[in-house]
Amino acid sequence: MNRLKATLAGSVIALAASVTASQAEKLTLYCSAQEDWCQLMARSFEDATGIDVNMTRKSSGETFAQIRAESANPKGDVWWGGTGDPHLQAAEEGLTEEYVSPMRDQLHDWAISQAESAGNRTIGIYSGALGYGYNSELLAANDLPEPGCWKDLLKPEYKGHVQMANPNSSGTAYTTLASMVQIFGEDEGFEFMKGLHKNINQYTKSGSAPIKAAGRGENTIGIVFMHDAVKQAVSGFPIKVVAPCEGTGYEIGSMSIVKGARNMDEAQKFYDWALSAEAQNLALEVNAFQVPSNTGAETSPSAPDMSQIKLIDYDFKKYGSSDERKRLLQKWDEEVSVLPQ
């Protein structure tokens, strides 16, 4: 009888522990920034709140596709980081929740503008200019001229020396495509992409991969956001950063709450925390050189000076729209990616 009582008591304790565990606060975070930053954000939020975070890192294009595929049964709670265009498309398609954070009054105007253009279904968390970087040692070893403009990358001597991501999977690469259309006009922009295609050695899945490969000496020129090139340079690799002479596009990295999130309270807590100066200052610990959206957050002195870069008036509303994004990607697939190299 005593053994039976002990067994029953043990079962009750185990059941209570199971119920407590199932009721514990938790958050599923989809992250589209650099891996070490994603990890730091997840662990720091856990330390600050006691909320358990299950974090998955994928590029912004991949994450958008996943959220769309899971829309009938959402598994993620918050999508943090990555270029703003797919966040805007997710908002337009009703895949993300409307939320106005009490932290909003601490943000730069461009971050709030991003929210307003999406019906408050996303918000800006950082910004960064598009450009490219090159490995100066490889450039010299191959007796190549130093590029300074977008059109320099079309020169035949750079054949096999340029790398960028695939715009279907990477927000960085989609921003590149949309920027070329805005800088040169659609016809000439696509002619540029066709000419560039001849010199591409690989289309990567991740937007930052081309400059990481250049840092390792596996590639010469990588088309990326300039802050990713700065990260390689600061890490000691022979990378030179270029702000193209014609002007360039830029991103407003964004954050969104997934529509129908299972852990809505925790999602809103993360959203508010991620907009704080303290959370945004974590970027400095992992050499993330974007410009933060909180006016009180610190920007690294190594970060590209946006005021010194010739930025175009990037039309986020148009190029973040579902129809325009689909149209440009389909046109790139049909007219550029299929060409021989």
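Visitor: Which residue in strand 9 is the bridge partner of Tyr-126?
Guide: This is a predicted model. Strand 4 (residues 123–135) runs antiparallel to strand 9, joined by 6 bridges. Within strand 9, Tyr-126 has as its bridge partner Gly-253.

Visitor: And which residue in strand 9 is the bridge partner of Trp-80?
Guide: Strand 3 also runs antiparallel to strand 9, with 3 bridges joining them. Trp-80 belongs to strand 3 (residues 78–80). Its bridge partner in strand 9 is Met-255.

Visitor: How many residues of strand 9 are buried?
Guide: Side chains alternate between the two faces of the sheet in a regular strand. In strand 9, Tyr-250, Ile-252, Ser-254 and Ser-256 point one way, while Glu-251, Gly-253, Met-255 and Ile-257 point the other way. Both sets are buried. The strand is therefore largely enclosed by the rest of the structure, its buried count being 8 of the 8.

Visitor: Are the rings of Trp-37 and Trp-80 stacked or edge-to-face?
Guide: The whole structure holds 13 aromatic pairs. In the pair of Trp-37 and Trp-80, the ring centres lie 5.0 Å apart. Planes over 60 degrees apart count as edge-to-face. Here the planes stand at 90 degrees, so the pair is edge-to-face.

Visitor: How many residues apart are Trp-37 and Trp-80?
Guide: Both residues are buried. Trp-37 is in helix 2 (residues 35–49), and Trp-80 is in strand 3. The pair thus links distant parts of the chain, with a separation of 43 residues.

Visitor: Which residues do ring pairs link into a cluster?
Guide: One member, Tyr-250, is in strand 9 and buried there. The cluster formed by ring pairs consists of Tyr-250, Tyr-314, Phe-316 and Tyr-319.

Visitor: How far apart are the end C-alpha atoms of helix 14?
Guide: Helix 14 (residues 322–335) has 14 residues.

Visitor: Over the ring of which residue does the charged end of Arg-325 sit?
Guide: Arg-325 is one of the buried residues of helix 14. Those buried residues pack against several elements, including helix 7 (171–184) and helix 8 (186–199). The charged end of Arg-325 is 5.1 Å from a ring centre, that of Tyr-174.

Visitor: At what distance from the ring centre of Phe-190 does Lys-331 lie?
Guide: Lys-331 is also among the buried residues of helix 14. It lies over the face of Phe-190, and the distance to the ring centre is 4.6 Å.

Visitor: How many residues of helix 4 are buried?
Guide: The buried set includes Asp-85, His-87 and Gln-89. Just after the helix, Gly-94 takes a positive phi of about 70 degrees. Helix 4 is largely enclosed by the rest of the structure, because its buried residues number 8 of the 9.

Visitor: In strand 7, what is the bridge partner of Val-162?
Guide: Strand 5 pairs with strand 7 (residues 221–225) in the parallel sense, over 2 bridges. For Val-162, the partner in strand 7 is Ile-221.

Visitor: Is Ser-206 buried or exposed?
Guide: Ser-206 is in the loop between strand 6 and helix 9 (209–215). It touches Arg-57, Ala-165 and Ser-170, leaving aside residues up to four places away in sequence. Buried means under 20% relative accessible area. At 18% relative accessibility, Ser-206 therefore counts as buried.

Visitor: Is Asp-143 buried or exposed?
Guide: Most residues other than glycine have a negative phi. Asp-143 is not a glycine, yet its phi is positive, about 55 degrees. Its loop runs between helix 6 (136–141) and strand 5. With a relative accessible area of 70%, Asp-143 is exposed.

Visitor: Over which residues does pLDDT stay under 50?
Guide: The chain averages a pLDDT of 93. Where pLDDT is low, the predicted coordinates should not be read in detail. One stretch under 50 has 0 contacts beyond four places in sequence, namely residues 1–22.

Key:
Residues numbered from 1 in each chain as written. Predicted model: local features only at pLDDT ≥ 70, side-chain atom pairs only at ≥ 80, totals over all residues. Heavy atoms only, no water. Phe/Tyr/Trp six-rings, centres within 6.5 Å; stacked < 30°, edge-to-face > 60°. Helix = DSSP H or I, 4+ residues; strand = E, 2+ residues; numbered from the N terminus. Buried < 20%, exposed > 50% of the residue type's maximum accessible area, 1.4 Å probe, protein only. Lys NZ or Arg CZ within 6 Å of the ring centre and 35° of its normal. Expected span 1.5 Å × (residues − 1). Contact = heavy atoms within 4.5 Å. pLDDT = per-residue confidence, 0-100. Pairing = 2+ DSSP bridges.
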